[in-house]
Amino acid sequence: MSEQGPPTVPRIEWSVVARPLPGETECGDIPLVKLLPSGALVAAMDGLGHGHEAAVAARLAVATLEAHADEPVETLVRRCHEQLRGTRGAAMTLSSVNTQNKTMTWLGVGNVEALLLRADRWAIPPREYVPLRGGVVGEALPPLHASVVPITQGDTLILASDGIAHGFADRLDLGATPQQIADRIMETHDKGTDDALVLVVRFEGLDQ
């Protein structure tokens, strides 16, 4: 997919592939990409377990983020924590992208992996991983400490739920489109034992 925000917001290309646990009709792994005047909020929610109740928790988290998307990621996680009390709870990773100052602030609670792959093959480091904190949003929230990393033209952000096996970014072709990357990861790293989601975001137009 490709979305064009206001004239001052560079283009962000993104694609997602998600599927429920075989035998289930609802997927508890849900993405969010919301354009903002300064950039975008990118997130992936993994409702605890699978099936309808997992999907209920994930959808509630998405609705909460949608309503307050311009707030800091720590505040957003705390809002979700309050809203998800009484549900199964969820793991989630949030990335607040500021395309004006070319930074990304990210935070993860639970086991939704996220990594930033650099378009510049000489960059040090060539990839960066979101620091994950143990816990469940809606049940047991850990101390929250967001990290800030720079982004550059053509960098690729990938979020994957725990239905995707570790090592999913090994030997990826970064010349492929976000859709091709998402499809490839799902094809080669889907565990088949849980809901699964892959969200791929590419930052374009940062040099404009």
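**Notebook: charges and cysteines**

I began with Glu66, which forms a salt bridge with Lys34, the closest N and O atoms being 3.3 Å apart. Glu66 sits in helix α1 (residues 52-67) and Lys34 in strand β3 (residues 29-36), so the pair ties together parts that are 32 residues apart in sequence. Glu66 is partly exposed at 36% relative accessible area. Lys34 is partly exposed too, at 25%. I note that this is a predicted model.

Next I looked up the other salt bridges. The count comes to nine. Arg79 pairs with Glu71, with 2.6 Å between the closest N and O atoms. Arg79 is partly exposed, at 32%. Glu187 and Arg184 also meet in a salt bridge, 3.8 Å from N to O. Both lie in helix α3, three residues apart, about one turn of the helix. Glu187 counts as exposed at 61%, while Arg184 is partly exposed at 45%. I also found Arg118, Glu128 and Asp155 linked in a network of salt bridges.

Then I turned to Asp194, in the loop between α3 (178-189) and β12 (196-203). Asp194 is buried yet has no salt bridge. Lys191, the nearest side chain of opposite charge, is 7.1 Å away. Among the residues that Asp194 touches are Arg19, His50 and Asp162.

Last, the cysteines. I found zero disulfides. Cys27 is in none, and the nearest cysteine sulfur, that of Cys80, is 17 Å away. Cys27 counts as buried at 18% relative accessibility, and Cys80 counts as buried at 0%.

Conventions:
Residues are numbered from 1 along each chain as its sequence is written. This is a predicted model: local features need pLDDT of at least 70, side-chain atom pairs count only at pLDDT 80 or more; totals for chains, interfaces and linings use all residues. Side-chain values use heavy atoms; hydrogens and water are left out. Helices (H or I, at least four residues) and strands (E, at least two) are DSSP runs, numbered from the N terminus. Buried means under 20% relative accessible area, exposed over 50%, partly exposed in between (1.4 Å probe, protein chains only). Lys and Arg count as positive and Asp and Glu as negative; His and the chain ends are not counted. A salt bridge is a side-chain nitrogen of Lys or Arg within 4 Å of a carboxyl oxygen of Asp or Glu. Contact means heavy atoms within 4.5 Å. A disulfide is a pair of cysteine sulfur atoms within 2.5 Å. Lists of a residue's contacts leave out its neighbours within four places in sequence.
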